[in-house]
Amino acid sequence: MSGRRWWRAALAAGLVALVASGCGAGGGGDDAGTTSKVQEGAAAPVPAQGEAAPGAGKDVGEAAPNAGAPVKYRLEDRAIIYTGSITVRVEDVSAAAAQATSIATGSGGFVGGDKRSSSDAYAEATIVLRVPAPRFGAVVDQLAKLGDQQQRDISTEDVTEEALDLDARISSQRARVDSGRRLLAQAKTLNELVMLEGELAKREADLASLEAKKRRMDDLTALSTITVTLLAPQAVAPAEEEETEIGFLTGLKGGWTALLGALVVLLTVIGALLPWMIALGLPVAGGLWLARRLRRARVRPVPPAPPTAPPAAPAP
């Protein structure tokens, strides 16, 4: 009986050794394949001097995201918001305003706002123009030629990173909305249906908000804003306003004006409170007078009683 057990143990050990040797051979084949792949990668041809490396002809903006260096973009690929304002003194404000409108429409833009005021000795027009971004500088130069340029202010804002981040967020949110719709289609119970509908509505609202921000940013980058102020010869430009006067007389005048203003405010408050004082003061005063009379009547001293005669003595 012990001999049979010994043969069984030897047979089991042989089977285990055979299986282990087969697995080791298979693993060695994988290692060999991996080693050959590494050697093939190491044997990749190195470009000779003067020969372009693979992928060298791509733009800088198409570099690998894990390259470690900051990503750069070409100027035409950047998202820039141009905003400008210009003040021009002209002989005829109405004619200059018509020319400014023609310049904007001729460049592919439109008028976003028009505000004008005029009198016998004063005329001014403020026009907001929306023009394509590539034509921004040319339009500003044309507007300056309408008359005598008084002021020019131009500002730019680079929103490239914000635009890329917004695009990524929109793509991610769209994927979340699609996932929510698939889960809603697979809902089996009423509770699951209500919960998934609420979650899907929230995701769709977030997506709509992101898309609205993207449309607003695209509008600002595609169309630049120029505010044109046209002044008549007699009009005063903002830069020509008189400076604040200082001195004793100026301080006296300012103090007197402040005193008059304070008196007007005080009289206004008194006038507003006087009807309430009359309506409430008279009943209160009458009540106090009546309470005082009653108090006096209660504490009035009582006169002493007259003396009485002593009783008569009895007769003997």
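The model is predicted, so local features need pLDDT of at least 70 and side-chain atom pairs count only at pLDDT 80 or more, while totals for chains, interfaces and linings use all residues. Residues are numbered from 1 along each chain as its sequence is written, and side-chain values use heavy atoms, leaving out hydrogens and water.

**Helix α5**
- Helix α5 covers residues 190–222, 33 residues in all; helices (H or I, at least four residues) and strands (E, at least two) are DSSP runs numbered from the N terminus.
- From first to last C-alpha, α5 reaches 47 Å, close to the expected 48 Å; the expected span is 1.5 Å times one less than the number of residues.
- Among the buried residues of α5 are Leu196, Arg203, Lys214 and Thr221; buried means under 20% relative accessible area, with a 1.4 Å probe and protein chains only.
- The buried residues of α5 pack against β1 (80–89), α4 (160–185) and β5 (223–231), where contact means heavy atoms within 4.5 Å.

**Helix α4**
- The 26 residues of α4 should span 38 Å, and its end C-alpha atoms agree at 38 Å apart.
- Buried in α4 are Thr160, Ala163, Leu166, Ile170, Gln173, Val177 and Gly180.
- Those buried residues of α4 pack against β4 (148–158) and α5.

**Arg89**
- Arg89 lies in strand β1 and counts as buried because its relative accessibility is 15%.
- The Arg89 side chain reaches the backbone oxygen of Ala232 at 2.8 Å.
- A polar atom of the Arg89 side chain also lies 3.2 Å from the backbone oxygen of Pro233.

Note on methods. Buried < 20%, exposed > 50% of the residue type's maximum accessible area, 1.4 Å probe, protein only. Polar contact = N/O pair within 3.5 Å; in protein donor to acceptor, adjacent residues only side chain to side chain.
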